[in-house]
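Dear colleague,

I am passing a structure on to you with this email, and below it you will find notes on what came out of looking through it. Please read them with the model open beside you.

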Amino acid sequence: MSALEARLVAWGAKPSHAARLLRSFYAGNGTLDLTALRLPQGLRAQLEAELPGPAAELACRQVADDGTTKLLLRLADGRTVESVLMPDYRGERVAGCLSSQVGCAMGCDFCATTKTGFERHLTAAEMVEQFLALRREAAALGRRLQTIVFMGMGEPLLNLDHVLAAVERLADNRLGALGWRQITVSTVGIVPGIEALTATGWNIHLAVSLHAPDDATRQRLLPMGRRYAIDDILAAADRFQARRGRPVIIQYCLLRGVNDAPEQAQLLADLLASRRMHVNLLHYNATGLGLRGAEYAPTPPEEAERFAAILRQRGVVAHFRRSRGPEIDAACGQLRRRFAEAETAAAAH
Ligand code: SF4
């Protein structure tokens, strides 16, 4: 029995009302029209009196020239998380990016989120609230939220139970109504988490943030690389791909002079040429100095093209992922950091 069903029974109502309430909540993108539901009078009054408020509310919104919309949501405990809506190449569609944790413990050197450290895991409800907030935004633009990726703040596979519970709700026909294939979970390469995702048997996508073709470079950028070697991560990704039958996505953020040399493209091709994995090449959005003082810069376009060309010549499918709204703090964690700074400054006056 679900928590909502148990609550209804405790109020002396039929548990079967739970399914209708949930359907209506999701269909209303997070709002519940109790009058339209024609519930027994006593139950309606009880719901009006006792239903908890939303798990997250909008604190701030930024819209970029390309239509990318970044939402900062304030959670019930006052903490904030970011969610992003990204226009699709098809005008009527948009893609959404959800956070899975408040802050992040992974310490990736070029990421703004990790600079404020890890605060806590998000609950499944808080991830669903992000999804519903993005769907409200999309509806207001006359568009359909078509795909979701767990690639915002946090490492989803270190909050696996809540992420899986959220995915289940998003993919439920009666609730989020996304297809499994419209959902992607992204990881820095937590091997046991990839294995657990494989074991679900779900037909979702997996994205792995590799960002370097050798362990030494990767460990400089991603401390978690010291725990899991590239070979072990790709072996786990192989098993996911073999079981699910769909290409794993390899994320590779090009950083000038760090991981973008032609020899590094060759090394990446060595790793991937015999695999059917697809490479997403990302443009770096500057976030200031790295945690260990390094200053990162994006790879110039012609060098990025040369990197991609080497991969393609070696038979690796490689695409550039468009840079999203750089003028609106679109790199993960930036909006949240600036909002916190502004709030602190306001409080000091
Ligand atoms: S890139 Fe992702 S995993 Fe790495 S620190 Fe940032 S939020 Fe965490």
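The accessible surface of the chain comes to about 15,600 Å², and 51% of that surface belongs to carbon and sulfur atoms; areas of this kind come from the Shrake-Rupley method with a 1.4 Å probe, and for residues only the protein chains shown count as cover. Please bear in mind that this is a predicted model, in which local features need pLDDT of at least 70 and side-chain atom pairs count only at pLDDT 80 or more, while totals for chains, interfaces and linings use all residues. Residues are numbered from 1 along each chain as its sequence is written, and side-chain values use heavy atoms, with hydrogens and water left out.

To begin with the chain as a whole, its secondary structure comes to 11 helices and 12 strands, where helices (H or I, at least four residues) and strands (E, at least two) are DSSP runs numbered from the N terminus. The C-alpha trace spans about 70 × 55 × 40 Å along its principal axes. The radius of gyration of the chain is 21 Å, which agrees with the value near 20 Å that a compact globule of 349 residues would have; this radius is taken over C-alpha atoms, and the globule rule is 2.2 Å times the number of residues to the power 0.38. Of the 349 residues, 52% count as buried, a word that stands for under 20% relative accessible area, with exposed meaning over 50% and partly exposed in between (1.4 Å probe, protein chains only). Among the contacts in the chain with a separation of 6 or more, 66% are between residues 24 or more positions apart, contact meaning heavy atoms within 4.5 Å.

Turning to one pair of helices, α2 (residues 17-27) and α4 (residues 124-140) pack at an angle of about 50°, with their axes 10 Å apart. That angle makes α2 oblique to α4. Axes here are lines fitted to C-alpha atoms, for helices over the stretch in contact, and angles run from 0 to 180 degrees between N-to-C directions; those under 35 degrees count as roughly parallel, over 145 as roughly antiparallel, 65 to 115 as roughly perpendicular and the rest as oblique. On the α2 side, Phe25, Tyr26 and Ala27 meet Val128, Glu129, Leu132 and Arg135 of α4.

The loop between α2 and α3 (41-50) holds Asn29, and Arg38 is found in the loop between α2 and α3 as well. Asn29 has a positive phi of about 50° although it is not a glycine, and Arg38 likewise has a positive phi of about 50° without being a glycine. Asn29 counts as buried, at 12% relative accessibility, whereas Arg38 counts as exposed, at 75%.

Arg144 lies in strand β7 (residues 144-150) and counts as partly exposed, at 46% relative accessibility. Its C-alpha atom is separated by 6.0 Å from that of Val94, 50 residues apart along the chain, and, not counting residues up to four places away in sequence, Arg144 touches Glu92, Arg93 and Val94. Pro247, found in the loop between α8 (230-244) and β10 (249-254), counts as partly exposed at 22% relative accessibility. The C-alpha atoms of Pro247 and Arg276, 29 residues apart along the chain, are separated by 5.8 Å.

With kind regards
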